[in-house]
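Here is a short report for someone meeting this structure for the first time. Look at the sequence and the model, then read on.

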Amino acid sequence: MSETSPAPEDRTTLQRNAVGLLGAVIMSAALMGPAVSVYFNPQLVAGFAGAATPLVMVISMVGVLITASGIMQMARELPSAGAFYTYVSRGIGARSGFVTGGLMFVAYALLVPAELALIGVYTHDLLASYGVHVHWALISLAFTVLMLVLSLRGIRGSLRTALTLFSAEVLVITVLSVIVLAKGGAHGLSLAPLNPASSPRGPSGLALGMVYGVLSFVGFEAATTLGEEVREPRHNVPWGIALSTLFVGVIYLFCTYSEMIGFGTGSASRLAADQAPFNTLAATYAPWMKLLIGLAGISSIFAVVMNSNNGIVRIIFAMGREGMLPRRLAHVDPKHRSPNRAIWTVAVFATLVTFVVGFATGPFNAYAYLGALLTLAIVPVYMLTNIACVRFFLRERREHFNVVRHAVLPVLGILLMLIPIYGSVWPIPKAPYNLFPYLIIAFIGATALIAVWLGRARPDRLTRAGAVLATGDTDAPEVVAS
């Protein structure tokens with residue numbers, strides 16, 4: 001071996017101290033995709049909560065912060081690229097951690113092709129409005145290649161790109177919101193959007209609206225996957241989650257308030273029926289921003305693509321390193337310190353799913369169907385992690401156990417996550433959405449069986465589940481198999 005060849009252990013070690021607190025914030029904030037959420041979610045909330053849509057976003061933010069509390073506690077104790085897989089393995093057991101890793105794969109790995117399909121059709125439609133026609137598949141392929149190149153060059157470049165895109169989208173949607181409010185909206189400024197009485201269905205309308213309000217924050221947890229690449233992970237990862245959730249929550253509040261004022265508090269039904277309300281606001285209050293609104297949408301979608309890809313790649317890397325997946329997936333490129341084999345694996349998977357589902361159902365339906373599936377996969381992960389938090393601090397950190405932080409808040413977080421689950425199954429949605437909950441249940445059952453087999457056939461691997469932390473050392477005195 002030459003003097004310049006990396007040591008064997010370096011081939012499974014990510015780049016230490018590659019990013020700081022800002023990188024952790026951007027990882028989570030960009031994955032939430034403020035522009036995408038502001039473009040496509042408020043009209044869904046308004047269908048239930050009416051003019052009280054901005055209030056729903058505030059309530060949803062509080063609910064997500066409560067849910068995130070247990071996750072932040074685990075991130076502080078167990079910084080790792082494996083994120084939820086590591087937390088659940090250590091808090092509940094290796095088999096549960098394996099199932100969690102599987103659910104994270106569904107959630108993040110499906111988010112990549114879902115957003116690639118969306119960016120293809122969204123960009124196609126934007127170009128077509130200017131007389132330029134490019135097939136959506138070619139656009140999706142181009143962004144897939146860009147995602148692959150940036151990922152292979154390392155986390156710093158990926159997050160710099162995400163920061164640029166995130167800044168651009170936030171600037172555009174904020175400027176339009178300011179213009180709408182400066183012009184007084186449809187009927188002047190009002191506090192009605194923050195009044196619970198503005199919900200035509202009362203408290204039930206607020207609760208049902210929360211289904212889509214909470215979903216707007218999915219991705220807040222993305223910073224956890226940087227546990228081995230961020231400086232001072234025990235501090236920066238939890239703060240990255242908290243600050244990104246608060247920052248994006250303020251953006252949601254401001255922009256949805258301006259949307260409601262722009263349409264008029266007495267015209268919530270118009271907002272609910274509008275498929276592109278921000279485009280309508282641009283046409284009404286600032287026609288010169290039409291192109292900028294479109295570009296901000298593309299920017300936001302690609303930022304989600306990049307950060308969801310970064311997240312799933314690191315979870316696969318961590319599971320491969322511990323033998324829960326093929327160990328070759330834990331290989332790290334010695335030059336850029338990126339998990340190149342995991343990156344290529346996700347890129348191939350995303351490409352296949354994007355085009356198979358996209359051509360079979362249409363690109364927008366691919367986004368809708370995959371998005372529904374991944375949402376049903378990620379919510380149980382949040383719940384399992386909060387259960388893990390309670391058990392971990394009772395068993396392994398009893399001296400630091402705090403009733404509020406390690407019991408009350410995690411239990412509240414679990415209960416709050418029942419809201420989007422309820423909204424996904426009742427009233428019974430139309431096909432194929434009615435089948436999706438059962439597909440996820442079947443997937444959980446299948447991965448649980450594999451975990452049981454793994455425990456019997458290769459029990460040594462289960463003892464390492466969730467053991468490798470940000471230090472690269474094993475920090476698991478004993479990992480149970482449950």
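## Basis of the model

This is a predicted model, in which local features need pLDDT of at least 70 and side-chain atom pairs count only at pLDDT 80 or more, while totals for chains, interfaces and linings use all residues. Residues are numbered from 1 along each chain as its sequence is written, and side-chain values use heavy atoms, with hydrogens and water left out.

## Overall make-up

The protein has 19 helices and zero strands. Helices (H or I, at least four residues) and strands (E, at least two) are DSSP runs, numbered from the N terminus.

Of the 482 residues, 59% are buried. Buried means under 20% relative accessible area, exposed over 50%, and partly exposed in between (1.4 Å probe, protein chains only). Contact means heavy atoms within 4.5 Å. Among contacts between residues at least 6 apart in sequence, 83% join residues at least 24 apart.

Helix H6 covers residues 94-128. Its 35 residues should span 51 Å at 1.5 Å a residue, and its end C-alpha atoms are 51 Å apart, which agrees. The expected span is 1.5 Å times one less than the number of residues. H6 is mostly covered, with 29 of its 35 residues buried. Helix H15 covers residues 363-395. Its 33 residues should span 48 Å, and the end C-alpha atoms are 47 Å apart, which agrees. H15 is also mostly covered: 26 of its 33 residues are buried.

Two packed helices are described by the angle between their axes and the distance between the axes. Axes are lines fitted to C-alpha atoms, for helices over the stretch in contact, and angles run from 0 to 180 degrees between N-to-C directions. H6 and H15 pack at about 155°, with their axes 8 Å apart. That makes H6 roughly antiparallel to H15. Angles under 35 degrees count as roughly parallel, over 145 as roughly antiparallel, 65 to 115 as roughly perpendicular and the rest as oblique. The H6 and H15 contact has 24 nonpolar residues, two polar and one charged. Here Ala, Val, Leu, Ile, Met, Phe, Trp, Tyr, Cys and Pro count as nonpolar, Asp, Glu, Lys and Arg as charged, and the others, Gly among them, as polar.

## Helix H14 against H15

The axes of helix H14 (residues 340-361) and H15 come within 7 Å and cross at roughly 115°. H14 is therefore roughly perpendicular to H15. This contact divides into six nonpolar, three polar and no charged residues. On the H14 side are Val353, Val357, Gly358 and Thr361. They meet Pro363, Asn365, Ala366, Tyr369 and Leu370 in H15.

## Helix H1 against H13

Helix H1 (residues 21-32) and helix H13 (residues 290-321) have axes that come within 8 Å and cross at roughly 125°. The two are therefore oblique to each other. In H1, Ile26, Met27, Ala30 and Leu31 meet residues of H13, including Ala303, Val304 and Asn307. By class, the contact of H1 with H13 holds six nonpolar, four polar and no charged residues.

## A closer look at Ile26

Is Ile26 buried or exposed? Ile26 is buried, with a relative accessible area of 4%. This residue lies in helix H1. Beyond neighbours within four places in sequence, Ile26 is in contact with Leu31, Leu159, Ala162, Leu163, Phe166 and Asn307.
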